[in-house]
Each structure stands twice: as structure tokens, then as C-alpha cells.
Amino acid sequence: MGKDKSRHDGATRLVTTGRSGDFARYVVNPPIWRASTHLYEDCAALRAGPSTNQDGRFFYGRRGSPTQWSLGEALTELEPGAAGTVLYPSGLAAIVGALMAVVKTGDVLLLADNAYDPTRATAMGVLKRFGVEHRFFDPLDRHAYAAAFCDRTTAVMLENPGSLTMEVCDVPALATIAREKGAVSLIDNTWATSLGFAALEHGCDIAITALTKHVGGHSDLMMGAASAGERLYRKLRLGAQQLGHVVSPDDAALALRGLRTMGVRLERETTSALAIAQWLSQRDDVAHVLCPILPGAPGHELWQRDFTGGCGLFSFVLRGHDDAARCRLVDSLELFGIGYSWGGFESLALPFDVEPVRAQMAWPKPGWEVEDSCGIRLSIGLEDADDLIADLERGFAAMNEG
Ligand SMILES: Cc1ncc(COP(=O)(O)O)c(C=O)c1O
């Protein structure tokens with residue numbers, strides 16, 4: 001298409017992006033190119049194939065086809081500052097693939113203490129086995145973070161807001177320190193996506209998104225992506241090729257389809273989440289609402305400063321109730337499914353306890369009572385907010401009856 005799309009805002013870019021292939025003259029969406037074998041004109045063309053290793057060239061199925069290239073192109077266009085995007089078969093594969101592309105034996109990885117649990121497990125498992133050390137840091141304590149660097153620290157892994165407890169950290173400040181210390185900063189930006197938080201523009205070197213969540217949006221696919229500027233994109237791409245990562249063209253087409261409506265879904269989910277968070281914050285049986293989009297909640301000011309959007313994912317903590325009470329609440333919900341994922345069109349609830357998964361962050365937090373330890377994470381979907389509030393009301397009634 002060759003037009004300047006950078007001047008358009010997010011909603012428009014979601015519609016126009018990833019449609020530069022020849023197909024776009026005839027159909028709106030790229031065809032699903034199912035292919036392991038790519039064919040060559042003759043032996044000379046076959047032999048020339050491996051030497052070029054360029055984007056968007058037929059070679060062999062593991063390097064994708066126009067369906068996957070269209071999705072990669074779309075995600076790159078949506079991430080200001082990105083030169084390219086690598087697709088992975090899950091969000092976790094994107095995290096592991098990106099980390100493995102930038103660390104080596106003997107390096108030290110700094111890991112935010114509120115990172116997604118499987119990210120922590122990767123550091124403590126496969127990376128450790130390959131001789132990469134890790135240190136957890138409290139992402140809200142900038143001095144402790146700066147002090148955690150050593151001359152072997154080559155990478156910093158951030159997540160914003162943090163998993164489950166939803167702390168918002170000062171990404172530009174943390175990324176600047178990483179850069180000054182010569183380390184690469186990676187961020188799990190799944191919560192906001194590039195629409196809500198321009199990670200590379202805010203100083204990060206690699207922006208990772210679990211496309212399984214908001215981009216897919218319909219709870220029917222697993223995929224991840226990592227976007228970066230030219231130098232690191234090349235590293236990511238080579239690393240993914242050497243690890244044999246590829247995503248199916250069918251899933252890539254689903255992800256592209258999800259992307260087109262992601263803006264309106266996120267807007268709607270954010271509006272509903274805010275209404276529900278406000279309602280929860282007025283209840284006596286709720287001790288804390290951990291929702292950065294809620295005025296007055298922890299992290300709200302940084303969210304307002306750095307983000308251009310939100311989503312439907314947030315948590316709350318019950319006031320002094322035990323797990324049995326929490327289970328009565330969650331089990332009696334009719335509209336909320338009980339499940340691990342989020343970002344789909346349907347609402348979900350997930351009970352969680354924070355304390356066991358924190359290494360560095362103070363617990364209980366300042367201002368928190370020890371007995372306020374039962375958390376519930378909500379992923380707000382596209383149902384009517386009033387119906388969801390009525391469902392939660394029923395859950396709290398069941399909890400308090402027990
Ligand atoms: C913050 C965050 N990052 C990454 C992932 C991993 O994504 P996937 O399930 O596609 O591996 C998840 C999944 O729940 C997540 O919550």
C-alpha cells in the first residue's frame with residue numbers, strides 16, 4: 001500500500017496494518033497459506049535460498065508464509081520504534097525465546113519480583129541449567145534495583161503492571177538505568193499491548209506480548225510475539241530460527257482477525273473494569289482493589305503518565321476472609337468462568353495468594369493487614385457490566401452467608 005500509516009491513531013492502524021501483501025488488492029485478509037514445502041524454479045534458485053535469509057521470502061515452512069508475515073508486519077507497525085516482530089507458539093515461548101536470544105552462560109539476569117510465575121520458573125529452571133544466574137528485584141524500589149546490577153548483568157526483565165498484584169513501575173526510569181549499565185531491557189507488555197503502552201518508545205529494548213490474550217481475544221489460540229529495533233530483532237529472529245519456533249498459518253489468521261477488533265474490545269473492557277473496580281472499592285469486605293486504571297488505586301498516577309489505554313484485568317483482596325470463604329464467592333459466580341487465562345471476550349475469575357511467589361518485595365505491603373491475603377483476579381470481558389456486578393453481588397452474598 002505504501003502510504004504513511006504512522007500518522008493514523010491506534011484504531012485506524014488496527015484496520016489498515018498488515019495488509020501490504022499482493023493479496024490485499026483482491027481480498028481483505030491474507031489467505032491461509034498452509035505450507036511446509038516451498039517450491040523453487042530450479043536448482044540454482046534452491047541453492048541461493050539459504051544464503052539470503054530475508055524477511056518475507058519463501059524458503060521453507062519454518063520461516064513462515066504470507067499469513068504469518070502479515071501478522072508480523074501488523075505487530076511491527078503497531079509498535080513504535082520496532083524494526084521487526086518474531087512470532088512464537090505461545091506467550092511464554094516468546095519470553096523464553098527473547099531471553100535466550102540475549103543472555104549467555106555466566107550472565108546475570110535481573111527479574112522483576114512481580115513477573116508472571118512461569119517467567120520466574122524459566123529463570124530458575126532452564127536458564128539456570130544453562131549457567132545464567134538470576135536476581136529478583138522489587139520494581140518499585142529503584143535504588144535496590146540499581147544496586148542489584150553487577151558487571152555480569154546483561155538483561156533486565158520487566159512486566160508492567162506486575163502479574164496478579166498489578167504494581168505499575170516507572171519503566172522509563174528502570175529502562176534508562178539498564179541502558180546506562182549496558183543491559184538489554186525486555187518487557188512483558190501483554191496487559192496494555194502496544195496500543196496502551198508504547199514499550200520501545202518508553203526505553204525498553206524488546207517488547208513481548210502474549211497474543212493469546214487481547215490480540216486473539218476469543219480464547220481459542222496460543223501465540224506470542226517479540227518486537228525490537230533492527231539489531232535486537234535480528235538476534236531474536238536468528239534465535240527463534242535456531243530454536244525451531246514457528247506458528248501455524250491458521251492461528252496467525254485468527255490472531256490477525258482478533259487484532260482488527262482489539263481496540264474496541266479493550267475500550268469496552270476497560271470501561272466495564274473501571275465500573276466494577278469502583279463498585280468493589282466501596283465494599284467493606286474488600287480490603288484492596290489492585291487496579292491501575294482506578295483513580296486513587298496503587299500505580300494509577302504512573303498509569304496515567306505512561307499509558308494510553310487499559311484493559312479488563314485487575315485484582316482485589318478480601319478483607320480478612322479465608323480460602324474457604326473465597327471459594328464460596330468464586331464457586332457461586334455464574335457469568336465468570338474459573339480459569340488461568342485472560343483477555344478473552346468472556347469474564348474469568350482466578351483465586352490467588354501473593355506471598356508464596358515473592359522473593360524481594362515486602363509482604364505484607366505497607367498499609368496491608370497480614371490477614372488480608374486472599375486475592376481474586378478478574379478478567380472482565382464483553383458482558384454488560386451491570387450483569388457482572390450482579391453476579392459478583394451474588395458471590396459476595398454466598399461468601400458472607402457461609
Ligand atoms: C502476563 C503474562 N505474560 C505471558 C503469559 C503467557 O502467555 P501464554 O499463555 O500464551 O504462554 C501470560 C499467560 O497467562 C501472562 O499472564
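D323 counts as partly exposed because its relative accessibility is 40%; buried means under 20% relative accessible area, exposed over 50%, and partly exposed in between (1.4 Å probe, protein chains only). This is a predicted model, in which local features need pLDDT of at least 70 and side-chain atom pairs count only at pLDDT 80 or more, while totals for chains, interfaces and linings use all residues. Residues are numbered from 1 along each chain as its sequence is written, and side-chain values use heavy atoms, leaving out hydrogens and water. Helices (H or I, at least four residues) and strands (E, at least two) are DSSP runs, numbered from the N terminus.

- D323 forms a salt bridge with R326, and the closest N and O atoms are 3.0 Å apart; the term stands for a side-chain nitrogen of Lys or Arg within 4 Å of a carboxyl oxygen of Asp or Glu.
- Both residues belong to helix α12, where they are three residues apart, about one turn of the helix.
- R326 counts as buried because its relative accessibility is 3%.
- Helix α12 covers residues 323-331 and packs on a sheet, touching β9, β10, β11 (348-353) and β12 (374-379); contact here means heavy atoms within 4.5 Å.
- The direction of α12 makes about 20° with that of β12. Axes are lines fitted to C-alpha atoms, for helices over the stretch in contact, and angles run from 0 to 180 degrees between N-to-C directions.

**The five-stranded sheet**

- The sheet is open and has mixed pairing, with its five strands in the order β8-β9-β12-β11-β10; two strands pair if DSSP finds at least two bridges between them.
- At the edges are β8 (286-290) and β10 (337-338), each of which pairs on one side only.
- β8 runs antiparallel to β9 (residues 313-318), and four bridges join these strands. H288 has V317 in β9 as its bridge partner.
- β9 is also paired with β12, in the antiparallel sense and over five bridges. F314 stands opposite L378 of β12.
- β11 and β12 run antiparallel and are joined by six bridges. Here F352 stands opposite G375 of β12.

**How β12 is covered**

- In a regular strand, side chains alternate between the two faces of the sheet.
- Strand β12 is mostly covered, with six of its six residues buried.
- Buried residues are found on both of its faces: C374, I376 and L378 lie on one side, and G375, R377 and S379 on the other.

**Other salt bridges**

- Side chains of opposite charge can pair when their charged atoms come close.
- The count of salt bridges comes to 21.
- One of them joins D170 to R305, with the closest N and O atoms 2.7 Å apart. D170 lies in the loop between β4 (153-159) and α7 (171-180) and R305 in helix α11 (residues 300-306), so this pair ties together parts that are 135 residues apart in sequence.
- D170 counts as buried because its relative accessibility is 15%, whereas R305, at 47%, counts as partly exposed.
- Another pair is E133 and R135, where the closest N and O atoms are 3.9 Å apart. E133 is partly exposed, with a relative accessible area of 37%, and R135 counts as partly exposed at 31% relative accessibility.
- Salt bridges also link D55, E230, R234 and R237 in a network.

**Backbone details**

- N160 and P161 are joined by a cis peptide bond with omega about -5°. P161 lies in the loop between β4 and α7.
- M166 lies in the loop between β4 and α7. Phi of M166 is near 60°, a positive value in a residue other than glycine, and M166 counts as buried because its relative accessibility is 2%.
- S219, also a residue other than glycine, has a positive phi near 55°. S219 lies in the loop between β6 (206-210) and β7 (224-228) and counts as partly exposed at 48% relative accessibility.

**A nonpolar surface patch**

- M100, F130 and L243 make a nonpolar surface patch of about 280 Å².
- Patches are made of residues with over 30% relative accessible area and no salt bridge; like charges are joined within 9 Å, and nonpolar side chains (Val, Leu, Ile, Met, Phe, Trp, Tyr) within 5 Å.
- Accessible areas come from the Shrake-Rupley method with a 1.4 Å probe, and for residues only the protein chains shown count as cover.
- M100 is found in helix α4 (residues 91-102) and counts as partly exposed because its relative accessibility is 32%.
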